[in-house]
Amino acid sequence: MTSIPFHLLASHEARVAAGEVVRYGAILKDVGTGKIIGHVQETGLFDAVASKVIGGGAMAVANPVTAAMGGAGQLAAVAQNSKMIGQLSNLTEMMGSLKTLNIVGTLASVAGVGVTVASTAMILHRIKGIDRALQDVAQRMDRLPDQIRELELEKTLRKTETQLERLQELPLRQKPTQVVENVEKELHESFNTLHEGVHRLILSVEVDEGLLRSLLAGLAICGAAQTKSLIWLNEKEAAQKRAELQAAKLLSLSAEMPMDRLQTSLGNDECAQRVHRELVELRSVSASRPLLCERLINADIDGRHYLEEALERDDAPVLLLPV
């Protein structure tokens, strides 16, 4: 089977710095032409970087990638591995590329969820945080509207956490295809439940920021994991169709949450700005998923092979699949 034509992000760093290339969701675009340059994808080396820098404590850090970009002292821990020194001739420059492209915002996007242990573990940690946030919100508020309570959103997030853990176990399972098929089905239902939760919440007179942001994060996680599952199954056309449907639903939510409505519902301009930024990023990442699927289809790239090769690559923590 032919090798996936991944490129190093550093090859575009000068153009990014000059403002000629920008990240939009999980893709890079040429500003002048509007054409897509490529799709961002984490690799197996991300595990090594995260584990070496964080010292095995990635789950205790709110954003392990940010910590991994924290300077020469932290990066020196990575360099203790002599093999990695050979693989990464300029680690500082490599991590600089990550900062330039703001890849942090894409690690829970596209098919990257579940490709590496570190990224999946971070998402699981984020799910636990979301679940705690929902519980805290429920305790703070006298009473959530019945139409929101009946959706059992905490239960939905716990189910999502379970499905991501099952994806993490794939290398150990005797029938991995059956596992992924079941996971994909559960994630589809969870996404729709969380989407309905956001829809009902924003119709409320008063909206709790913590609850709204938690549900948006849950949508991001479910959507990304669904795409990864369908690509792993090599159901690329189905993945593209599902991603298009998700993008349309998120676009509809955006239309229901213009800035003036967010300001009124949240009662605070700063809160409204935070939610708006997260919604824009979520919408951008979601819109980029069908494009990745289209790239895999047009290039006749096997979905599982794409994910497995990304996991095996050790020349950079994040690479670009060019168009």
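1. How much accessible surface does the protein have, and what share of it belongs to carbon and sulfur atoms? In this predicted model, the accessible surface of the protein comes to about 14,500 Å², and carbon and sulfur atoms account for 50% of that area.

2. On the overall fold, the protein contains 15 helices and five strands, and of its 323 residues, 51% count as buried. Among the contacts that join residues at least 6 apart in sequence, 77% are between residues at least 24 apart.

3. The largest nonpolar core has 53 residues, and those that touch the most other members are Val 198, Leu 212, Leu 216, Leu 219, Met 257, Tyr 306 and Leu 321. At least two residues of this core come from each of helix 9 (153–168), helix 10, helix 11, helix 12, helix 13 (259–266), helix 14, helix 15 and strand 5 (318–322), while helix 11 gives the most, with twelve residues. Apart from this core lies another, of eight residues, which include Val 16, Ile 37, Val 318 and Leu 320. As general background, nonpolar side chains in soluble globular proteins tend to be buried together.

4. Helix 12 covers residues 236–256, and its 21 residues reach 30 Å from the first C-alpha to the last, close to the 30 Å expected at 1.5 Å a residue. Its buried residues are Lys 236, Ala 239, Gln 240, Arg 242, Ala 243, Gln 246, Ala 247, Leu 250, Leu 253 and Ser 254. Seen down the axis of helix 12, these buried residues fall within an arc of 165°, so they line one face of the helix. On the other side of helix 12, the exposed residues are Glu 237, Lys 241, Leu 251 and Ala 255. The elements that cover the buried residues include helix 10 (176–202), helix 11 (209–232), helix 14 and helix 15 (303–312).

5. Ser 288 is buried, with a relative accessible area of 2%, and its side chain reaches the backbone oxygen of Val 285 at 2.6 Å.

Definitions and conventions: Residues numbered from 1 in each chain as written. Predicted model: local features only at pLDDT ≥ 70, side-chain atom pairs only at ≥ 80, totals over all residues. Heavy atoms only, no water. Buried < 20%, exposed > 50% of the residue type's maximum accessible area, 1.4 Å probe, protein only. Polar contact = N/O pair within 3.5 Å; in protein donor to acceptor, adjacent residues only side chain to side chain. Helix = DSSP H or I, 4+ residues; strand = E, 2+ residues; numbered from the N terminus. Expected span 1.5 Å × (residues − 1). Arc of directions from axis to C-beta. Contact = heavy atoms within 4.5 Å. Core = buried A, V, L, I, M, F, W, Y, C linked by side-chain atoms within 4.5 Å. Areas by Shrake-Rupley, 256 points an atom, 1.4 Å probe, with all protein chains shown as cover.
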